[in-house]
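Please open the structure in your viewer and keep the sequence panel beside it.

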Amino acid sequence: MYNLQKRIKEQTNKKTSSEPTCENSTGRVSVRDRLLIQEVNEVPDHLPKGCNIIFPNPDRLHEILLRINPNSGYWKGGTFEFEISVPLEYNIMPPSVKCKTKIWHPNIDINGVVCLSILRSRSLDPTGWAPTRTLKDVVWGICALFGDLLNFDDPLNVEAADLYLKDKVAFESKVKHYVNCYARYL
Amino acid sequence: MKVKIKSWTAVGTWEWVSNDDTCGICRMSFEACCPDCRTPGDDCPLVWGECTHCFHIHCIVKWLQSSQQQQLCPMCRQEWKFKE
């Protein structure tokens with residue numbers, strides 16, 4: 001005979017053992033996860049050239065890897081990996097981004113901290129985070145650090161920006177050195 | 001011929017009148033409620049800013065509370081003022 005009681009029990013066991021971060025205390029899917037399901041689908045169609053997006057665990061869409069192979073500019077030839085983690089308070093709070101590949105870049109420091117205006121919450125500056133932004137915008141923003149948004153005037157890695165202003169050839173060779181040492185493993 | 005009505009049941013429908021279909025913050029339909037509510041309607045009303053943008057009240061309040069320095073509309077980034 002079909003044992004309903006047993007089946008219900010199995011399902012509850014399954015539920016408790018599954019990822020608790022997917023649901024909030026009310027047992028409903030969190031806003032973050034509901035938004036991510038929509039946003040993740042629109043990313044691949046809008047991915048800039050040379051970019052690759054990876055979800056290491058399909059059950060944890062809030063942990064994202066972005067691989068960028070810039071096809072022009074100083075960092076051409078390197079592969080740079082960024083870790084995007086989306087907090088539970090998304091989309092009131094922005095995702096946080098870390099560069100996993102060591103890089104010599106005015107807007108990314110040696111520890112991988114990324115300076116990108118749209119990732120700033122509570123920003124006075126109008127280009128900061130807002131809930132109207134999506135994952136697609138974050139991916140584009142990170143990729144643009146190798147192009148349009150590369151900024152030597154308001155650097156995070158001051159040393160890199162100073163070197164560029166003083167000696168562009170030395171800057172370029174230091175970038176190439178970092179690419180050869182750290183960004184060729186993939 | 002005479003018809004005698006023994007009983008009748010009235011049915012009403014309602015909808016929000018806004019210039020958009022979905023809330024720009026939670027991206028749920030305005031006819032539905034915000035993600036924190038269970039029933040749409042007066043318990044989860046819409047509000048307008050002076051900039052004419054419209055959100056679920058719970059969504060915009062959550063956003064305004066998270067931004068400490070300045071209260072800006074997430075759509076147009078003008079200063080958020082509730083429209084009377």
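The stops that follow cover chain A and then chain B of this predicted model.

**Stop 1: the annotated site in chain A**

Select A:Cys115, where UniProt, in an unreviewed entry, places the feature "active site". A:Cys115 lies in the loop that runs between β4 (96–99) and α3 (135–144) of chain A. Is this residue buried, partly exposed or exposed? Its relative accessibility is 22%, so A:Cys115 counts as partly exposed, the limit for buried being under 20%.

**Stop 2: a cysteine in helix α3**

Next, select A:Cys143, which belongs to helix α3 of chain A. A:Cys143 has a relative accessible area of 12% and is therefore buried.

**Stop 3: salt bridges in chain A**

Side chains of opposite charge can pair when their charged atoms come close. Over all chains, the structure holds 6 salt bridges. For one of them, display the side chains of A:Arg32 and A:Asp33, which meet at 3.2 Å, N to O; both of these residues are buried. Then move to A:Arg60 and A:Glu63, whose salt bridge has an N to O distance of 2.7 Å. Here A:Arg60 counts as buried because its relative accessibility is 19%, whereas A:Glu63, at 33%, is partly exposed.

**Stop 4: the layout of chain B**

Now colour chain B by secondary structure. Chain B has 1 helix and 2 strands, in the order β-β-α from the N terminus. Of its 84 residues, 36% are buried.

**Stop 5: a link across chain B**

Select B:Lys62 and B:Asp36, which form a salt bridge with their closest N and O atoms 3.3 Å apart. The pair joins distant parts of the chain, as B:Lys62 is in helix α1 (residues 57–66) and B:Asp36 is in the segment before β1, 26 residues away. B:Lys62 is partly exposed, with a relative accessible area of 35%.

**Stop 6**

Show the surface and select B:Met1, B:Val3, B:Ile5 and B:Trp8, which make a nonpolar patch of about 650 Å². B:Trp8 lies in the segment before β1 and, at 70% relative accessibility, counts as exposed.

Finally, which residues gather in a patch of negative charge on the surface? They are B:Glu15, B:Asp20, B:Asp21 and B:Glu31. B:Glu31 lies in the segment before β1 (46–48) of chain B and is partly exposed at 34% relative accessibility.

Conventions. Residues are numbered from 1 along each chain as its sequence is written. Chains are lettered from A and ligands numbered from 1 in the order in which they are written. This is a predicted model: local features need pLDDT of at least 70, side-chain atom pairs count only at pLDDT 80 or more; totals for chains, interfaces and linings use all residues. Side-chain values use heavy atoms; hydrogens and water are left out. Patches are made of residues with over 30% relative accessible area and no salt bridge: like charges are joined within 9 Å, nonpolar side chains (Val, Leu, Ile, Met, Phe, Trp, Tyr) within 5 Å. Accessible areas come from the Shrake-Rupley method with a 1.4 Å probe; for residues, only the protein chains shown count as cover. A salt bridge is a side-chain nitrogen of Lys or Arg within 4 Å of a carboxyl oxygen of Asp or Glu. Lys and Arg count as positive and Asp and Glu as negative; His and the chain ends are not counted. The place of a charge is taken as NZ of Lys, CZ of Arg, CG of Asp or CD of Glu. Helices (H or I, at least four residues) and strands (E, at least two) are DSSP runs, numbered from the N terminus. Buried means under 20% relative accessible area, exposed over 50%, partly exposed in between (1.4 Å probe, protein chains only). UniProt positions are given in the numbering used here, feature names are shortened, and annotations may be inferred rather than shown by experiment.
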